[in-house]
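Please load the model in your viewer and keep the selection tool at hand. The tour moves from the whole chain to single residues.

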Amino acid sequence: KAKVLSGIDRLDVLDKLLAGRRVGLVVGGSSIDRNHELAVDILCRRYHVTALFNTIFGIRGEFVYGERVERYIDGPTGLPVMSIFNKERTAPTAEMLDAVDVVVFDIKEAGVRYYEYLYCLADLMKACVACKKAVVVLDRVDPIGGEKVEGTVCPPDMHTMVGDYQLAIRTGMTIGEFA
């Protein structure tokens, strides 16, 4: 029987992409490996992590939706965590990216257009292109199958936080495929 592995479980591949580089992480409480260990802990042990970025719930899932924390220190690693999802921004600034060569994005996606992590990733990718930084997306299975595309698509002239990229409500993609 074949096993499906998430990106965090492919350390052999990550070694080739991250070894010897300054790494920034965009992770959350759902960023776990097959043994339920948090990706932040795995990656900080294995690579030279220089920046941690929080999107919505904290890098360990320690906040509730709507709780805005601009900056905090992650206790286990001692690294500062900077918010990249708030009223001021939806991606890291150029200054935030100064300390990294590559940004790893590992957040579980729900397979639907209105899940904000898709747009966090899109904005992260744009910021990294502007600053000439690499992005590595650690893909995960789509929890609702990833085979069906269903629902309405926002018109191209209607910009919303969760309506760009002409995606149907049910995207039929993993976050890696979206990237």
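Predicted model: local features only at pLDDT ≥ 70, side-chain atom pairs only at ≥ 80, totals over all residues.

Residues are numbered from 1 along each chain as its sequence is written, and side-chain values use heavy atoms, with hydrogens and water left out.

**Whole chain.** Helices (H or I, at least four residues) and strands (E, at least two) are DSSP runs, numbered from the N terminus. Along the principal axes, the C-alpha atoms fill a box of roughly 45 × 45 × 30 Å. The radius of gyration is 16 Å, which agrees with the value near 16 Å for a compact globule of 179 residues; the radius is taken over C-alpha atoms, and the globule rule is 2.2 Å times the number of residues to the power 0.38.

Next, colour by accessibility. Of the 179 residues, 45% count as buried (buried means under 20% relative accessible area, exposed over 50%, partly exposed in between, with a 1.4 Å probe and protein chains only). Contacts (heavy atoms within 4.5 Å) can then be displayed: among those between residues at least 6 apart in sequence, 68% join residues at least 24 apart.

**Helix 2.** Select residues 39-46. Which residues of helix 2 are buried? They are Ala39, Val40, Ile42, Leu43 and Cys44. These buried residues pack against helix 1 (11-18), strand 1 (22-27), strand 2 (48-54) and strand 5 (102-106).

**Aromatic pair.** A search of the whole structure finds one aromatic pair. Select Phe63 and Tyr72: their rings are edge-to-face, at 5.0 Å centre to centre and 85 degrees between the planes. Rings of Phe, Tyr and Trp (its six-membered ring) pair if their centres lie within 6.5 Å; planes under 30 degrees apart count as stacked, over 60 as edge-to-face and the rest as tilted. Phe63 is buried at a relative accessible area of 15%, and Tyr72 is buried at 14%.

**Two loop residues.** Most residues other than glycine have a negative phi. Select His36, in the loop between strand 1 and helix 2: its phi is positive, about 70 degrees, and His36 is exposed at 63% relative accessibility. Finally, select Lys132, in the loop between helix 4 (117-130) and strand 6 (134-137). Lys132 has a positive phi near 55 degrees and is exposed at 76%.
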